[in-house]
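Me: Please show me the model, and then we can go through some questions on it.
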Amino acid sequence: MDIHHKHGPIGNWSEFLKEYGIVVLGVLTALGGEQAVEAIHHRSEVRETRQALNEELGRDLASLADTTSRSDCISARLGELERWQRSLEGGRPLKLVHRIVVPGSVSLRSSVWRVSAGDAVSRMPLRQRVTYSMVYDGVDLSDKQRETMFNSWLDLSAYQNARHLSEAQQIDFTRDLRAIRELNDVMGSNYERMRAEARKVGAVPLDDSIFAATRV
């Protein structure tokens with residue numbers, strides 16, 4: 001056997017295996033180093049993604065906290081509107097204490113989740129991925145509920161100066177009042193479930209005072 005290398009020919013199998021082992025070890029070391037660098041990059045990417053997700057959820061949770069904090073006021077307002085509706089039916093309309101206005105609200109966001117729902121999220125532990133998915137399902141549901149409530153308030157505001165309601169208008173008015181009341185009751189419990197789940201991945205509501213300008 002006469003295998004050459006930079007120091008001359010390899011004279012036997014022992015030397016050959018030694019040289020071969022050195023080459024293999026070098027290749028494995030290079031591959032291992034590359035994988036280590038890639039793993040560090042992936043961990044950094046996951047960490048940054050989680051931070052962005054938690055910031056987005058923190059804003060959403062703060063928005064929902066602000067909305068649910070007004071639940072008692074909304075309930076009282078609905079009671080006033082129900083009494084006003086009955087007074088219109090009786091032909092002796094009461095005077096509303098306040099105009100019928102659409103309560104301010106801030107739309108919820110899920111753009112970070114949509115953008116990052118790829119490699120970075122796939123590298124998270126399964127339990128984290130499931131938790132984030134559940135919380136964002138809650139975000140989507142809450143945003144639809146918020147939009148429905150907004151539209152119902154908008155419909156009610158059209159009757160601001162009414163002195164009489166037709167039968168069809170009475171039905172519509174009652175429908176909108178019921179929709180708002182039901183959503184007002186469920187959004188609080190939805191928020192509490194979302195907050196409990198979000199806490200598992202480190203997402204907490206931001207200071208909801210940032211939404212003070214939306215309050216009516």
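Me: Is Phe-173 buried or exposed?
Reply: In this predicted model, local features need pLDDT of at least 70, side-chain atom pairs count only at pLDDT 80 or more, and totals for chains, interfaces and linings use all residues. Residues are numbered from 1 along each chain as its sequence is written, and side-chain values use heavy atoms, with hydrogens and water left out. Buried means under 20% relative accessible area, exposed over 50%, and partly exposed in between (1.4 Å probe, protein chains only). Phe-173 has a relative accessibility of 0%, so the residue counts as buried.

Me: How many aromatic pairs are there, and of which kind is the pair of Tyr-159 and Phe-173?
Reply: Rings of Phe, Tyr and Trp (its six-membered ring) pair if their centres lie within 6.5 Å; planes under 30 degrees apart count as stacked, over 60 as edge-to-face and the rest as tilted. This rule gives 4 aromatic pairs. The ring centres of Tyr-159 and Phe-173 are 5.5 Å apart and their planes stand at 70°, so the pair is edge-to-face.

Me: Where in the chain do Tyr-159 and Phe-173 lie?
Reply: Helices (H or I, at least four residues) and strands (E, at least two) are DSSP runs, numbered from the N terminus. The pair links distant parts of the chain, 14 residues apart. Tyr-159 sits in the loop between α5 (126–157) and α6, while Phe-173 is in helix α6.

Me: What distance separates the end C-alpha atoms of helix α6?
Reply: The expected span of a helix is 1.5 Å times one less than its number of residues. Helix α6 (residues 167–200) has 34 residues and should therefore span 50 Å. The distance between its end C-alpha atoms agrees with this: 50 Å.

Me: Which residue forms a salt bridge with Glu-80?
Reply: Glu-80 is found in helix α2 (residues 71–89) and counts as buried because its relative accessibility is 14%. With the closest N and O atoms 2.7 Å apart, the partner is Arg-77.

Me: Which residues does Glu-80 contact, leaving aside neighbours within four places in sequence?
Reply: Contact means heavy atoms within 4.5 Å. With those neighbours set aside, Glu-80 is in contact with Leu-96, Val-97 and His-98.

Me: How many helices and strands does the protein have?
Reply: Along the sequence, the pattern is β-β-α-α-α-α-α-α. The secondary structure comes to 6 helices and 2 strands.

Conventions:
Salt bridge = Lys/Arg side-chain N within 4 Å of Asp/Glu carboxyl O.
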